[in-house]
Every structure is written in structure tokens, then in C-alpha cells.
Amino acid sequence: MANIEIERLIEQSSAATAAQGIQIDALDAQTMVVNMGPQHPSTHGVLRIVLELDGEVIVRATPHMGYVHTGIEKELEYQTYLKGVTLTDRMDYVSALINNAAYTLSIEKLLGIEPPPRGQCLRVMLMEMQRIASHLVWLGTHLLDIGAMTVFFYAFVQREKLLDMVEMMSGVRMMPSWIVPGGLRGDAPEGWFERGKDFCDGFPRAIDEIEALLNANPIFRERTQGVGILPAEECFGLGVGGPTLRAAGISYDIRKAIPYSGYENYSFEIPTGQYSDVYDRYRVRMAEMLQSREIIKQCIENMPDGPINVDDRKIVPPPRIEMDNSMEAVIHHFKLWTEGFHPPVGESYVPLESPKGEIGFYIVSDGSNRPWRAHQRPPCFMNLQALSRMCEGRLIADVVAVIGSIDIILGEIDR
Amino acid sequence: MTTEILETTNSDAAERIEVTKIRAAFPDAILDVNTFRGDTRILVRREQIVGICALLKQDLDLNYNYFVECLGVDYLDTKPDHRFEVVYNLYSLPYTLNGVRHGKNTRIFIKAAVPEDDPVVPSVVSIYPGASFPEREIFDMFGIRFAGHPDLRRILMSEDWIGHPQRKDYPLGGEKVRFPGNKYGPSVGDVPIAHAGESYFGKTGDFQGEKS
């Protein structure tokens, strides 16, 4: 049995090897193949793109990925549900809290629980902070790629304020794992909301400063307007989502269409573009950051009192103070961190709006304390499929602008 | 504070329109319909998957215009007559374009049953171009081949990798990282060292050793 299995594997593997590589006619003088990456600074990680060129015009762009594949989906099958949350941070590492939330909401759907209002509100606030932080990273690196260095510093000043707040709450800047099944790992510390208010007050001015640098900048507009156009109809079949879809004029946001975590209670707009080019994607993301700030403001103003976690000791560990007095609490704590909880047999998927598009975890539970299969719907991975279509017929320099505009994070593409 | 967000129902609830339509167009395609926490999953024969996807996309009452993703699941021996399932996550995205409303804001999961001895599924790239990368990932991770895929090769693992790592019987464990000084390895053309470690059943040992 084992022999046949392995022989079959090798056979399939070698067939795949034969299919690998670019099939081009060496005698054809018309096209030339240029390798871009995997260490190219503008590829946002370790992405390799094989460009087939006719002069300087791109005939085809084939992305090759997998250089930072870490087998997170396989590893999730071996970790209890609570421990798995920490792995999800490492997928899309600039919006870690939204990954936490995606994994957590899927588990909570399996369990059939929902955190109390304060937990929901804190989650929304953290997710929106993370969305702004992710867009600011995109803004800084995208502009760095196409030759504007100043914006990077302007964007990262604001991002630091958000990361400081995340650090204040969780002790970690980028990988907080703070949203867990049942609620959050902890409540907001003293003075946290005041920091949030300060950020909200200063943020529109910072955006104005950046927009004053870019919106009417002739060099920036030359590089971005009319570049990387993808019509709305093509976005659908390709599974392209998020700001890239909204820049095509489609007013669609999962926070409005399928509200989760109480997003239906907040008022915000869905910014859309018109021409579906790199410039419109920039404008949509800038407007989205201001909308996220509106949501953060509403969260701070209407933050409910009360518990942040569900009152179920089988899912959420008891508070530290209880452990000193109660034997039950010690037992629950021990059982939760060693064995974990057992969701019912079933499969669940909850879509969320990540800064890049639709994110969600498809979790198959077999009733044990570990997921039988946990798969992330990777927004960057799906958006990357549109790269070739966006670059066709454009110049090499436009590839850099297009890669930046679809906001890819290789940690998520490769998982 | 534990509140039920969605009821757990079985198929006794009202049948969804998708099921009715698929049953009308492909009478023997549906193997099973499962509803859990409000999501409907339809298990179908893999031969019909392209036709079903085309129906779901083109029928104006269904209008599944958005391809969310597809993924593979290895059920090993927990299912009686097939080992793998390919899950197509389709969504009818609501939007307004030029004053016309499209989409129903509904989601459906179509599952194709794939037996172990013949892991081939027709590719849906012709219906949804976005299936290209996910199908390559399923091929890479599960060894399920997609007939008709224009460019079916590994996507995440290196091209000379042995085996399909997301299969449940593929061992998990540390890779033997060696620095052989360019004497062997993928760059020299030799066969790479397979993984050694723990399998799903807690078996430890050398993967290569299981060959004999």
C-alpha cells in the first residue's frame, strides 16, 4: 500500500515538475523573458514575477509564490482552537487583529456563542484601528515603490500611534492575538480611550497633509492614472475584493452587506472609485481610513459597560482573582489551556472585510478539540490573480505601481 | 451570556431554491444536502460540477456572480465512499451598476466528492477565472488534479516536492535542514530529503523509511 502510494506521489510530482517553467520559443525574437524578484524591493515580500516582454511592453506577467510558505494551515490542524489564534497573526501580519477576528468568529459560529456588547464594541474598535494601520503601511510602501519617500514617514508616524495603543492594551505591537473565542484576552487599560480620542482628533489633519502632497501631484498622477485598469465585471469572476473592487465603482462592503460583530450599529460610508485604476484605489483607501476613524469615534462615544467575555468557563479562562479562591476556577483554567473546548461536529465560514478584501476561515470540526481542517480565504492570493490582467499591454514601470495598488502581503499569500 | 446566534437545523427546513434548481437540471447530481448554522452545503457528483457552477452563475434567480474561493478537505476514512471533497464557496454579490440592481446577497457551498483512487475533478476556470490559483493550491496540497485547468502545477511548495502536505496521512514534523555544500539537493538535481516527523496518528519516524 505504502509503496504504491509513494510511487503515485512521485509520478504526480514529476508531472508537475515537467509543467513548471515558462514555455517560450527560444528562436522567437519578438518576446523576452525578464525575471522580477523574489528579492526585488517593490514586491512587498518574496514574490517573483516572470515578465514576458515585447520591447518594454508586457505580454504576460506570471507570479510565482511560495517562498515564505510556512504550512500554517497544516499546523492549525495540530493546535487546539485557542492556540491556533496565535498562528493566524502571522498570516497577514499588518492586519493581525482582523485575522484573529476571522478565525475567532468562525469558531464562535461553530460554538453558537456571541460575546457581550462591550466585547463586540472593543473588537470593532480594534479591527478599525488595524484597518487604518494596514492602509498606512500600504500607503507608505506603495509610494516608496513609485519613488516618493516622504509619504512613508508621514504614514508611519500615524501608524506608530495606533501600534502604541495596541501595545498599551496587549503588550505587543504587531502580533497581539487579542481577539479570541468568547471575547478578548483583556479589557482596555486606563487612559486607552483618551489616546484613541487624541488619535482621532489629529488623524484628519495628517490625511490632509498626505493628500496635499499627492492628490494633485503631477508625477504621482502620471504614474497612477489610467494604470492597472480592471473592469468591474472581471473583478467578480476573479474573486477580487476590497478596495480594488470598490475602486471599480462597486459599492459593496461586507460590513454593510453581511454585518458581523455589530457593524450594523455604526454609520459609515462606502467610498467608491470610478475608473478602477491605481489612482482610484489610492483615493478609495484614503477615504476608507477616514471612515474607519469615524467608526472608532463612535466606538469610543458609545462604549457599553459590562463584561467583555462570554460567561462560560469552558471557553473563556476565569479571571486571575478567582483562581486564588476557587478550586473550580483552577480546574477550568487547567482544562482550558491543556485540552481546550470541543465544538460540535460541523463546518463554518464567516466572511469579514479585511483591508484587502474578503477574509474568512473555513473550519471543519470533527467534535475534537482541534480543527479537522482550517483554511483561510486569502484575499491577497485571490487579488494577485488579477495582476497579469492589469499589467498586460503596460510598461515595466507600471508593474511596480500595480503590485502596490492591489496591496499584497506575501505572508498571507503563502501562509 | 451564551446566546445562540443561529439555529442548528437539519434538512427538515424549507429547501433552498438552489437545491431545487440543481435537482431540476441535474436529476442525479445531488448526493447530500446539509444545513448547519444557516449555511447550506450541497454535495454533488464531481462530473456535474462545471454544469452546476454554470447554472448557478447564469440563472438570474440565483446569480452567483462572485467566486469567493474553493478549498480541499481530506476526510480520510470518515466518509464511506469518498476521501476528498472540494468545497466551492460561491456568493451572489449585491451591487448596483448603472442603476440596475444585481445579486441576491446569498451564499452557497457546493462540494464535489472525490474518491481517493481517481482524484480528478473538472476545472471550473472556464466559468470562474478566479478558480485558477485555488485549484492549483488544492492540486499542490491534496494531489487532486483538475481536468481542463490551463496551467496546473504546484503553487506554494517547490516544484520538486514529494507528496501533498495537506493530506492527513502526510507526516508533520521538522524538515531535515542540511547544508551539504552544493553536493546534492534540488539545485544539483538530486531528490530532496523527504520530511520526517509525526503523522496525524502520532506515528513518529522517517517518512522515507516508510518506503520499504
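This is a predicted model: local features need pLDDT of at least 70, side-chain atom pairs count only at pLDDT 80 or more; totals for chains, interfaces and linings use all residues.
**A walk through chains A and B**

Pro122(B) is found in strand β8 of chain B, which covers residues 120–122. Leaving aside residues up to four places away in sequence, Pro122(B) touches Ile49(B), Val50(B), Ala147(B) and Gly148(B). The pair Pro122(B) and Val50(B) is separated by 72 residues in sequence, yet the C-alpha atoms are 6.7 Å apart.

In chain B, among contacts between residues at least 6 apart in sequence, 55% join residues at least 24 apart. Chain B has 212 residues, of which 39% are buried. Its secondary structure consists of 3 helices and 9 strands, and from the N terminus these follow one another as α-β-β-α-β-β-β-β-β-β-α-β.

At one end of the order, β1(B) pairs with strand β2 (residues 39–45) of chain B in the antiparallel sense, over 6 bridges. Within this pairing, Asp32(B) has Leu43(B) in β2(B) as its bridge partner.

Most residues other than glycine have a negative phi. Asn105(B), not a glycine, has a positive phi of about 55°. Asn105(B) lies in the loop between β6 (100–102) and β7 of chain B. Is this residue buried or exposed? With 12 other C-beta atoms within 10 Å, Asn105(B) is exposed.

Ser276(A) has 24 C-beta neighbours inside 10 Å and so counts as buried, whereas Asn105(B) is exposed.

Chain A also contains an open sheet, of 3 strands in the order β1-β2-β3 with antiparallel pairing. Here β1 (32–36) and β3 (57–64) of chain A are the edge strands, each pairing on one side only. The twist in this sheet averages 20° from one strand to the next. Strand β2 of chain A, residues 48–54, pairs with β3(A) in the antiparallel sense over 7 bridges, and Val50(A) stands opposite Thr62(A) in β3(A).

Further along chain A is helix α14, residues 327–338. At 1.5 Å a residue, its 12 residues should span 16 Å, and the end C-alpha atoms are 17 Å apart, which agrees. Helix α14(A) is hardly covered, with 1 buried residue among its 12. After α14(A) comes Gly340(A), whose phi is positive, near 85°.

The contact between the chains takes 49 residues from chain A and 47 residues from chain B. On the chain A side, the elements supplying at least two residues each include α1 (2–19), β8 (358–365) and β9 (371–377) of chain A. The largest share of that side, 9 residues, comes from α1(A). By class, the side has 23 nonpolar, 15 polar and 11 charged residues.

In soluble globular proteins, nonpolar side chains tend to be buried together. In this model the largest nonpolar core has 152 residues, and those with the most contacts inside it come from both chains, among them Val402(A), Leu387(A), Val86(B) and Leu90(B). Helix α5 of chain A, residues 117–145, gives the largest share of this core, 14 residues. Not counting residues up to four places away in sequence, Val402(A) touches Val227(A), Gly228(A), Val278(A), Leu387(A), Met390(A) and Cys391(A).

Methods
Residues are numbered from 1 along each chain as its sequence is written. Chains are lettered from A and ligands numbered from 1 in the order in which they are written. Helices (H or I, at least four residues) and strands (E, at least two) are DSSP runs, numbered from the N terminus. A residue is buried if 20 or more other C-beta atoms lie within 10 Å of its own, exposed if 12 or fewer, and partly exposed in between; C-beta atoms are placed from the backbone. Two residues are in contact if their C-beta atoms, placed from the backbone, lie within 7 Å. Two strands pair if DSSP finds at least two bridges between them. Axes are lines fitted to C-alpha atoms, for helices over the stretch in contact, and angles run from 0 to 180 degrees between N-to-C directions. Ala, Val, Leu, Ile, Met, Phe, Trp, Tyr, Cys and Pro count as nonpolar, Asp, Glu, Lys and Arg as charged, and the others, Gly among them, as polar. The expected span of a helix is 1.5 Å times one less than its number of residues. A nonpolar core is a set of buried Ala, Val, Leu, Ile, Met, Phe, Trp, Tyr and Cys residues joined through C-beta atoms within 7 Å.
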